Amino acid sequence: MLGWSSTLALSRRACDAVPDCADAADERSCSHCSSAGPGSLRCALQPRCLPQHLRCDGTPDCADGSDETGCLWVTRSLSSWRRETRETTLGAVRHRAGYAVWSGRGRVGKICAEPYEHDRKALMNVATSLCTALTFKSAVSAEAVPDAEEGSDEINENRQMKSQKNEPEYVEIVDPAAAEISFVKSDCPQRKVIKIICDQLECGIPSARGAGATLGVQHLPRSARPGDWPWHAALLRTHVHACDALLVHAAWLVTTASCFQGQPKAEWIARLGTVRIQSTSPWQQERRIVGMVKSPVEGSMLAMVRLEEPVEITDFVRPACLPVDGFKTSEHSVCNTLGWTRNRDQLQRVHVVPTTMNTCENVSIATGNGICAEPLYDQDDCDEEEYAGSAMMCFDEKSKHWSVIGVSSWRIACSKIGLGRPRIYDAVTSHIDWIRRTIANSQDDFHIRV
């Protein structure tokens, strides 16, 4: 826990379905978990725990159905996937390349390539279905390979776990051309399994919301829940929350250069995967910032910051989209920004409405590269601060994705006096080519994992 004692966190926020400790101990000591017994599976976003055998049994037991998601996955190793999914229904890393694995009724294993190990079309059908289900746009390849984990240290551990259930767990595909792929248990005598490479992770999808991921703000509460805004990042200067940013790539954030003015030697950390700045969630990731590139557009404060190591893509940390060509906002657009409550350090969404630049001329310095927007609050409902670097995000009804439209250059506190005060955001549309070029050029420096 950063800045809090675990006792304080547990006493104030225990059993509210939002983990405030890295091991989620504040949610496991609750009555809804004790009845499920030791080794139970925690519903990621609801106050409920389940026996492991209810995962992927065909019947949703978590209110959001998350215990029936991730039943097929792509992972670099089965043992790492076991660790990622051992305690909660969401949170496994979305690797673009790895073994195809399955889960059912608490049992896990790999997908045997037999009897289709020489049928490339059949294997690609499986890869396409699996990659699409994991929100990648396409499958690059699928092949039958020996189970290379056999004999490794990780698999020795895995075998010890499996030995309690006799043989290693494998299944084989019944019909790879079927619309819905099904499996049967297999001995997989040759130990050849399917290895897949996916490509182009879909951006702007809050996948933790499950079926609600494509509904925009419908049923989305004002107080952010884990996974509602997986691209949001808090920037900490020498361990103090100073600015915000937005993830557009596994190794790059978009923010504002004003955050770094007068701070040439400060140490900056980006924190993602959390909705409470003074808590530590099981899905939280932190990366050191190692570089900042300011926009070449005159009058713009937009900046990109580079992470020392790429983040791991999960349901709780994944990128937003850049706006597509022709995407325009209007007073009817569904747009939001994010702020932090002053009393609880809780991430909050604020409905903002794009308006004419004339509206902003009396409160801010109008620029040709700016977007003027007005926040909408309920009466007397205003207690958060919008940090510099916070993003204005709009939902594209056509693509069903969230895109970053603008970035705030200054910190704005909400008060009753300035309840509806408009604010200006640096427009992202004029920076798209520069953003993409900056990311592409960085590929030569180090390998970006997706």
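In the predicted model, strand 13 (residues 268–272) is largely enclosed by the rest of the structure, because five of its five residues are buried. Trp268, Ala270 and Leu272 point one way from this strand, whereas Ile269 and Arg271 point the other way. In a regular strand the side chains alternate between the two faces of the sheet. Both sets of side chains in strand 13 belong to buried residues, Arg271 included.

Strand 13 has antiparallel pairings with strand 10 and with strand 14. Five bridges connect strand 13 to strand 10 (residues 232–237), and Arg271 of strand 13 is the bridge partner of Ala234. The pairing of strand 13 with strand 14 (residues 285–294) rests on four bridges. Here Ala270 has Arg287 of strand 14 as its bridge partner.

The loop between strand 14 and strand 15 (302–307) contains Ser295. With a relative accessible area of 7%, Ser295 falls under the 20% limit and is therefore buried. Its side chain forms a polar contact of 2.7 Å with the side chain of His431. When neighbours within four places in sequence are set aside, the residues in contact with Ser295 are Ser300, Leu302, His431 and Trp434. Of these, Trp434 falls within the range of helix 7 (432–442).

Helix 5 comprises 14 residues (120–133). The distance from its first C-alpha to its last is 20 Å, close to the 20 Å expected at 1.5 Å a residue. Its buried residues are Ala122, Leu123, Met124, Val126, Ala127, Leu130 and Cys131. The cover over these residues includes strand 3 (72–75), strand 4 (97–104), strand 6 (136–146), strand 7 (170–173) and strand 9 (192–201). At the start of the helix, a side-chain oxygen of Asp119 comes to within 3.3 Å of the backbone nitrogen of Lys121. Just after helix 5, Thr135 adopts a positive phi of about 65°.

Most residues other than glycine have a negative phi, and most peptide bonds are trans. The peptide bond from Glu114 to Pro115 is cis, with omega near 0°. Pro115 is located in the loop between strand 5 (107–112) and helix 5. A positive phi, near 60°, is found at Gln200, a residue of strand 9. Gln200 has a relative accessible area of 44% and is thus partly exposed. Thr238 likewise has a positive phi, near 45°, and is situated in the loop between strand 10 and strand 11 (240–249). The relative accessible area of Thr238 is 47%, which places this residue in the partly exposed class.

The largest pocket has a volume of about 750 Å³. Its lining consists of 24 residues, of which Leu201, Cys203, Val248, His249 and Pro319 lie nearest the centre. At least two lining residues are supplied by each of strand 9, strand 11, strand 21 (401–408) and helix 7.

A relative accessibility of 31% makes Ala25 partly exposed. The C-alpha atoms of Ala25 and Pro282 are separated by 9.9 Å, although the two residues are 257 residues apart along the chain.

For the protein as a whole, the secondary structure comprises seven helices and 23 strands. Of the 450 residues, 55% are buried. Among contacts with a separation of 6 or more, 64% are accounted for by residues 24 or more positions apart.

Technical notes
Residues are numbered from 1 along each chain as its sequence is written. This is a predicted model: local features need pLDDT of at least 70, side-chain atom pairs count only at pLDDT 80 or more; totals for chains, interfaces and linings use all residues. Side-chain values use heavy atoms; hydrogens and water are left out. The expected span of a helix is 1.5 Å times one less than its number of residues. Buried means under 20% relative accessible area, exposed over 50%, partly exposed in between (1.4 Å probe, protein chains only). Contact means heavy atoms within 4.5 Å. A polar contact is a pair of N or O atoms within 3.5 Å; within protein, one must be able to donate a hydrogen and the other to accept it, and residues adjacent in sequence count only if both atoms are side-chain atoms. Two strands pair if DSSP finds at least two bridges between them. On a 1 Å grid over the protein atoms alone, a cavity is a set of points where a 1.4 Å probe fits but cannot get out, and a pocket is an open set with protein on both sides within 12 Å along at least five of seven lines; lining residues have an atom within 4 Å of a point. Grid points are joined across faces, edges and corners, and a volume is the space filled by probe spheres set on the points.
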